[in-house]
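Reader: I'd like to learn how to read salt bridges and strand pairing in a model. Can you walk me through it?

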Amino acid sequence: MNTLTKENHGNVSETVEGKDQKLTTRVYSPNVDVLETEEAILFFIEMPGVDQSSVDISIEKDQLILEGKFVPVEESRGQVRLAEYKEGNYYRKFTIGKAIHSDKATGKMKNGILELTIPKMEPKKTKIEIQK
């Protein structure tokens, strides 16, 4: 895809220094599918277990930044034998190489997939008159 540059794909850990201790937080890089139509750029982002209230999407200039936080459910359902779900943050950043209407972008979360639609801006045509 020529109109999009992905950055930082891969899971990393982030160390945060607190007042008395260092905390290591997992930062997940979610899988993303990107489609482009004549009218919009569509993102499908895997964010299983992430509540939509903890998702933050921002577009600044040509940078799309996706962030979220996963906190596992802490209800007692039995004795833990294997626990692979861990608390962590989601983070992904893209550079969009097209003119877009960031103020008209929409998003919805369904079955752990965040669907983001960013309308493309029509290229503005300007005719320049040559003076005599």
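Author: Here we take the salt bridges, then the sheet.

Author: This is a predicted model, so local features need pLDDT of at least 70, side-chain atom pairs count only at pLDDT 80 or more, and totals for chains, interfaces and linings use all residues. Residues are numbered from 1 along each chain as its sequence is written, and side-chain values use heavy atoms, with hydrogens and water left out.

Reader: Okay, how many salt bridges does a search of the whole structure find?

Author: The general idea: a salt bridge is a side-chain nitrogen of Lys or Arg within 4 Å of a carboxyl oxygen of Asp or Glu. Searching the whole structure turns up 3 salt bridges.

Reader: Which residues are linked in a network of salt bridges?

Author: That would be Glu36, Lys98 and Lys120. Lys98 bridges to Glu36 with the closest N and O atoms 3.4 Å apart. That pair links distant parts of the chain, 62 residues apart: Lys98 is in the loop between strand S8 (88–96) and strand S9 (106–110), and Glu36 is in strand S4 (residues 32–36). Strands, by the way, are DSSP runs (E, at least two residues), numbered from the N terminus. Lys120 also bridges to Glu36, with the closest N and O atoms 2.8 Å apart. Here the partners are 84 residues apart, with Lys120 in the segment after strand S10 (113–119) and Glu36 in strand S4.

Reader: Is Lys120 buried or exposed?

Author: Go by relative accessible area: buried is under 20%, exposed is over 50%, and partly exposed is in between (1.4 Å probe, protein chains only). Lys120 has 18% relative accessibility, so it counts as buried. Lys98, at 34%, counts as partly exposed, and so does Glu36, at 31%.

Reader: And what does Glu87 meet in a salt bridge?

Author: Its partner is Lys69, at 3.2 Å, N to O. Glu87 lies in the loop between strand S7 (63–70) and S8, while Lys69 is in strand S7, so the pair ties together parts 18 residues apart in sequence. Glu87 is partly exposed at 41% relative accessibility.

Reader: Now the sheet: in what order do the 4 strands come?

Author: Strands of a sheet pair through backbone hydrogen bonds, either parallel or antiparallel. The working rule is that two strands pair if DSSP finds at least two bridges between them. In this model, 4 strands form an open antiparallel sheet in the order S4-S5-S10-S9. S4 and S9 are the edge strands, each pairing on one side only.

Reader: How many bridges join S9 to S10?

Author: There are 5, and the two strands run antiparallel. Thr106 stands opposite Thr117 in S10.
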